[in-house]
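Please open the model in your viewer and keep the selection tool at hand. The tour goes from one stop to the next, saying what to select and what is there.

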Amino acid sequence: MSTEQQEYVLEGVSVTEVTEEIEKVWGQLQQPNSEFAKLAVEKGVNADELESLRKYSLEEVLVLKKGGGFDPVTVALIVAFAPVAAKITKDVWDNFILGRLQRRFGKNAIAPKEDKH
Amino acid sequence: MNVEEHILLSGRKALAARLVQIEAALPLEARFRRESAEIAYARLDLKLKDIFPQEKEQLDNNEIRLDVSLDTLIGRLQFFAQGDLLKQPQLFDDLQQALDQRAKRMACDACSKLAPLVCNGGVRDDEIVSLGGACLAPLKDMFDIAHNVGRHYYVTRGTLMTGNPDVVFATEKFSQKNPHHKPHDLPVDYFINGETVYADTPGLTRARVVLKVPVEAFDTNTYLSTLYILFHECIVHAFHAITSTAQTRVGPKPEDRFVEGWMDWVSYEVLNEVLSGTGLVKAPVNLRFLRQRRDRAFDFHLARVKCQGPSMAPFSQLASQRATGKSAATKVLDLFKNRPKDCTDPWKKFLQLSFDLNMMSDFDEDQRETFVTMLDFLEDDDRAPDLSPQHNILAGIVTNYLRNNNIRRFIDSVLALKTRWLR
């Protein structure tokens, strides 16, 4: 089974900063009844799916890689969803984590690659 | 009560400090100059930019409340200012007092309608900000002015306003690639932009005006230019295409010459007359620095349409499109002015035409494009000798509109010229 992945262009923010924020958000999501977990459910993440993700570490389900930029100053972030829980992780990513990152750093800071062309 | 999304707590801490600094220092700006401390004033406006990276940990820590964070940031700013104002002790005392007063207005317990719960980076933050939002109050107050003025003008001057379109305020952080990176491509150093997002549902016309803020770069000039952005969003976009609620509105393209050129000029002129005290609505008495806001609005508006000057000047890519829209608008207004028998109040009539065109859902993108293109055939000086045949035909159509007040016929008559003049 191939690993599904999405590519983002980073603007004004480093891969390290984004990775740290993802780790922070993930850590909060792992705690039942945390503010973030409640917020994620409010934003459309299925509560049962979120619960089922709690048995995995971030590294087990999400691989973050620095990609090639489109020019020397542009940085790309590749987010790969590991097959073990790809659908659920992608759901959480699309419905909560990505939006959270965009609110934290700015919508322009982390944009899907296709939007930049 | 609608809960809108706002900049997250970490960004709001920084923005709140900026707003406190600006609103405390600006009333003292003349005194800084009189007391030969203009450099200290300029340094004060830059200092928080240096402090933010040093305070990153507490800004990012959601367990530290906004007002606690503000105490630290403003305390550091005061310490810095004290060093710069050693020879102006009274000025420093007054600045310190003003900073403390402004910061106190942002106290979280007093702000939060959900107290003892205050913003903590959690699920209720947006609700707390929507219900209270003392940390964003200076921006929200500007939005309220722009929204109220826009609505009043549309209701009073336009003839097509129906229902009660909802317009709400939201904020969003903008990420900078470098300290000069702006949320627009205009040749003007104001670090702010806006976007109106349509969130219509069956039976409810709803626009969300989103202020895009690079929080670290938000300085005094940006603060003073923000009202122009909000007037643009509220007058150009919030009531756009509202005459039909059959489908969700689609935002115009950035190169739309009518919306972004013609209507932007209208919004600028309305802001200008309100700030000058000659508009339909008076600026609230607590809105200060009217001249400075007018000056920044002029700069901002000009930067949108400026496409002539030194060959290497960095013009906006779309300036030419917007300039065409503005040109068509000004020429139509001039025609109104030159027909006193048919038009006793040219500005009033021009506002009616502009607002009605902008509100019409069936005045679509293609029509707008052709409409502006054809009207730009008008000549600048309607009283010049040897006017072109195109000018005379268009002037006749405009005069007919002034006499019969039939906007659809006016549009169709202008659009019909396309097949004759453009091949």
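**A pair of helices in chain B**

Select helix 5 (residues 66-84) of chain B together with helix 6 (residues 89-104) of chain B, which pack at an angle of about 170° with their axes 10 Å apart; helices here are DSSP runs (H or I, at least four residues) numbered from the N terminus, and axes are lines fitted to C-alpha atoms over the stretch in contact, with angles running from 0 to 180 degrees between N-to-C directions. Helix 5 of chain B is therefore roughly antiparallel to helix 6 of chain B, a term for angles over 145 degrees. This is a predicted model, in which local features need pLDDT of at least 70, side-chain atom pairs count only at pLDDT 80 or more, and totals for chains, interfaces and linings use all residues. Residues are numbered from 1 along each chain as its sequence is written, chains are lettered from A and ligands numbered from 1 in the order in which they are written, and side-chain values use heavy atoms, leaving out hydrogens and water.

**Where the chains meet**

Next, show both chains: 19 residues of chain A are in contact with 19 residues of chain B, contact meaning heavy atoms within 4.5 Å. Between chain A and chain B there are six salt bridges (a side-chain nitrogen of Lys or Arg within 4 Å of a carboxyl oxygen of Asp or Glu). Now select Arg104(A) and Asp60(B), which form a salt bridge whose closest N and O atoms are 2.8 Å apart. Finally, colour helix 2 (35-42) of chain A, which gives the most to the side of chain A that touches chain B, with five residues.

Methods. Helix = DSSP H or I, 4+ residues; strand = E, 2+ residues; numbered from the N terminus. Parallel < 35°, antiparallel > 145°, perpendicular 65-115°, else oblique.
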